[in-house]
Amino acid sequence: MDQVIVVGGGLAGYSAAHTVLEQGGRVLLLDKMPFSGGNSVKATSGMNGAGTSTQRAQEVMDSPELFEADSMRGGATRPDLVRVLTHESGDGIEWLKNSFGLDLSLLSRLGGHSAPRTHRGAEKFPGMTITYALMEKLEDIEEESDKAVIMHKTKVNSLIKGGDGSVIGVEYETADGKQGKAYGPVVLATGGFGADFTEGSLLQQHRPDLAHLPSTNGEHT
């Protein structure tokens, strides 16, 4: 596998980067901020997963199907995406535990759940703990090999398309104004647009009724 470009340095971006490496590829991770973490480091509840070894050890009766039903009952409108989220959630928890040595042994039952399925360790901020584990491992790989490159203070301005319209790379700009291009498949993990209150933003276009509300999103997303 050739280079894959990941845009965004939160948990989604670092998960994608490590997945590329596991498949034998090289990864270039770009983030516009001076540091990684994104909104993921603010998460304080944990990660939801159904059918995990942690649940089985604690004799919690749960399943991807039950998680799927809970999600649909909660108002989800994309059954296809809900199925991916819920049926791969357990494997995601096991991946974090086995690949990064994370403690996800504590369970809680949050609103809308039919069973305890929110996993965390003893740390106060599980989002920060989980995200930092992936960040630190990728930084180690960057130092020890040519398989990973992390570029902070680098904003992606546009996607590069091939003759058939497919995305083949990105155009980016560093903090000192240098322009650059990188080629390869692109994974966008840039977070939401809930804090983009500028005129003509996606928020203004699609949900102007929410434009007056505060958001945990910010410049880092």
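Reply: Gladly, and let's start with pairing: two strands count as paired if DSSP finds at least two bridges between them. Strands themselves are DSSP runs of E with at least two residues, helices are runs of H or I with at least four, and both are numbered from the N terminus. Before we go on, note that this is a predicted model: local features need pLDDT of at least 70 and side-chain atom pairs count only at pLDDT 80 or more, while totals for chains, interfaces and linings use all residues. Residues are numbered from 1 along each chain as its sequence is written, and side-chain values use heavy atoms, with hydrogens and water left out.

Our part is strand β2, residues 26–30. On one side of the pairing list is strand β1 (residues 3–7), which runs parallel to β2 and is joined to it by five bridges. Look for V27 in β2, the bridge partner of V4. To get from β1 to β2, the chain passes through helix α1 (residues 11–22), and this β-α-β crossover is right-handed. That word means that, with the strands pointing away from the viewer, the path from the first strand over the helix to the second runs clockwise.

β2 also pairs with strand β6 (residues 148–151), again in parallel, through four bridges. Here L28 stands opposite V149 in β6.

How enclosed is β2? Four of its five residues are buried, so the strand is largely enclosed by the rest of the structure. Buried means under 20% relative accessible area, exposed means over 50%, and partly exposed lies in between (1.4 Å probe, protein chains only).

Side chains of opposite charge can pair when their charged atoms come close. A salt bridge is a side-chain nitrogen of Lys or Arg within 4 Å of a carboxyl oxygen of Asp or Glu, and the structure holds seven of them. One of these joins R83 and E68, at 3.4 Å from N to O. R83 lies in helix α4 (residues 79–87) and E68 in helix α3 (residues 64–73), so the pair ties together parts that are 15 residues apart in sequence. R83 is partly exposed at 45%, whereas E68 is buried at 19%. Another salt bridge joins R73 and D70, at 2.3 Å from N to O. These two are three residues apart in helix α3, about one helical turn. R73 is exposed at 58%, while D70 is buried at 5%. Both belong to a network of salt bridges that also links D62 and R117.
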